[in-house]
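Here is a short report on a two-chain model. Please have the sequence and the coordinates open as you read.

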Amino acid sequence: MKLKKGLAFAAALMMVVSMAACGETGGTSSAPQSAAKSTASSAATSGATSSSAASASVQGLKQPIAEQPILLTSVGQSADVEMVKTLFKKINIDPTTDHLATADSIGNAKTLVLAIGGSSKGLGAAGIDADQELARVAKLVDAAKDKGLTIIAMHTGGQTRRGELSDKFIKPAFEKADYAIVVADGDKDGLMKGLAASESIPMNTVDKITDVPDILKAAFK
Amino acid sequence: MGKKNVISATICLVAALTIATVTGKNFMDVKAPDTLHPSANVTETKMLSDYFGDLKGTNSDTPIYVFKGSKPGGSMLILGGTHPNEPAGYLAAVAFLENVKVDQGTVYVIPRACNSGFTNNDAQEASPQYLHFTNKNGQERQFRYGSRAANPVDQWPDPDVYIHAGSGQQLSGSETRNLNRCYPGRPDGNLMEKTAYAIVQLIKNEGVDLTFDLHESSPEYPVNDATVAHEKCMDFAAEGMLELQMEGINMSLEPSPTNLHGLTHRELGDYTNTYPILMEAPNASQGRLRGATNEEMALTGKDKFYVSAAKLGFVYVPYDENGHPIEERVGRHLQGIIEYTKAFSSIHSDKPVSFENVPGYEEMFTDTDPSQLGGPHFGSFLN
């Protein structure tokens, strides 16, 4: 009798445990797992760069370096490119905007502006993946360098535009840039400061995106 | 049959009938719609079935509150309760309609877009059934916390695979009850497709220029503290976003994917002339990493497991012991509506919409005594 009761109790306990583990798996349930993995790996990446960044010394821009016309493109297909376009409007500059600009898009542009920030929705909207985006940007910046364009890298999305996906696009943009503008919240770990130091380019950090127009204006002759 | 057996059987029968009566009453009670008290400036109350008669008498029929300004202008639609387990989406629409005074143009508010989803809770999620507040007059107000999708009683069975009618996109079968996978809908479809169709008819018939769809998402979901906008909205969305940043609201702007179908920010932009905007705020009570799920969690957003997850870098929004109270989440939505409407009206100056008396982020959240967050302060905006 005791054995029977024990078995019944164990069976009931197992049923309760199994039901508790049967959370609904529809909707967004697959996202959290990938999110957890991606953020964990990005944290590891950030950790590796922060020590070098801590000792990095970076100066702001001393004099204007850029000229119009401007070609503005995204690096990572986030809508931050639209934000940067709006920031230009605030200083009465109207860049040619092409989210998927290629070497052929350069035309008579004298400055290439890279709006950095990864977006899975944006990549999906463009019908490309991160590797295709990286390949496009690599060819574009190489062509811009060959043609003597000034390249400005802008990271204006703050912490929201950090993590595994966005971080993939930061280094390729900074490597070929002549100048960088960064919203401070996105560089708490010093990743971009470290890159600017290693590439020996000037970089200005602002507290808020609304501080960008003044800095941006000062970059143009 | 022995006397003991008769007594045991009677006790079991009485217990079963008692449980059936109590749970049966509860099952029926949750179908009763919440009582809403629109501001004195409401000019008309319509029903969704006015735009598609097939919804009349179904659990998908739902009120539409109309606010006409004294000056002619554009028109705007606010969809709350697309997902009834995302309370800030529903309650932001409620706070809007209970306070607003429209000066120019016309505003339509549907606080319970997926009305069917308010009549049940998601199985095995342990969600609270109701959220309670004390209003500005000291009276108790009660609002349903529902399910992400329509009540299976209203739309059943789910197919193994849900095929979106317009695109052929395939999703899991349960998504056939998700209103925000059914746009633009169809008149001969299932209940959610008919509901989506009715909303599209409203937009077309009334010439709605700007549409907001208010949501929440779990903190571990990458699209959080975000605005998702159709590509044709990007000019004013970027303007509005800058203003939100000025207000101290950290929000990202995301483009609507062209290859993800059935959602407002994609289909309403493609199939109608409206400019659709969807906003997300963080809600722990629908997340996968949460602890005990109850009304307090839904209102305060406090959860120690999300605090730990944030320390480990597993979430996409900042998360600490202060949580994300309902005032913050509703305030984000309301300030978003305010700023995007201003930016839209500035760029599309031929169809301006303006309104006043809607509490913004500061009034709802940042200027508030922290002890009043998590429900009490929100209640002070209710009639």
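## Terms and source

Helices (H or I, at least four residues) and strands (E, at least two) are DSSP runs, numbered from the N terminus. This is a predicted model: local features need pLDDT of at least 70, side-chain atom pairs count only at pLDDT 80 or more, and totals for chains, interfaces and linings use all residues. Residues are numbered from 1 along each chain as its sequence is written, while chains are lettered from A and ligands numbered from 1 in the order in which they are written.

## Confidence

The predictor assigns the complex an ipTM of 0.72 and a pTM of 0.85. Chain B has an average pLDDT of 96, and 100% of its residues score at least 70. Here pLDDT is the predictor's confidence in each residue, from 0 to 100.

## The sheet of chain A

Chain A holds an open sheet of 6 strands. Their order is S2-S1-S3-S4-S5-S6, with parallel pairing. Two strands pair if DSSP finds at least two bridges between them. Strands S2 (96-97) and S6 (203-206) of chain A stand at the edges. Each has a single partner strand, so one side of each is left without a neighbour in the sheet.

Strand S3 (residues 111-116) of chain A runs parallel to strand S4 (residues 150-155) of chain A, and 5 bridges join them. Ala115(A) has Met154(A) as its bridge partner in S4(A). Helix H6 (residues 164-175) of chain A packs on this sheet. H6 touches strands S1 (70-75), S3, S4 and S5 (179-183) of chain A. Contact means C-beta atoms, placed from the backbone, within 7 Å. The direction of H6 makes about 160 degrees with that of S3(A). Axes are lines fitted to C-alpha atoms, for helices over the stretch in contact; angles run from 0 to 180 degrees between N-to-C directions.

## The build of chain B

Chain B has 10 helices and 13 strands. Its radius of gyration is 21 Å, close to the 21 Å that the globule rule gives for 383 residues, so chain B is as compact as a globular protein of that length. The radius is taken over C-alpha atoms; the rule is 2.2 Å times the number of residues to the power 0.38.

The C-alpha trace of chain B spans about 85 × 50 × 45 Å along its principal axes. Of its 383 residues, 55% count as buried. Buried means 20 or more other C-beta atoms within 10 Å of the residue's own, exposed 12 or fewer, and partly exposed in between, with C-beta atoms placed from the backbone.

## Thr43 of chain B

Thr43(B) lies in the loop between helix H1 (3-29) and strand S1 (44-47) of chain B. It counts as partly exposed, with 13 C-beta neighbours inside 10 Å. Leaving aside neighbours within four places in sequence, Thr43(B) contacts Val66(B), Phe67(B) and Lys68(B).

Technical notes:
Contact = placed C-beta atoms within 7 Å.
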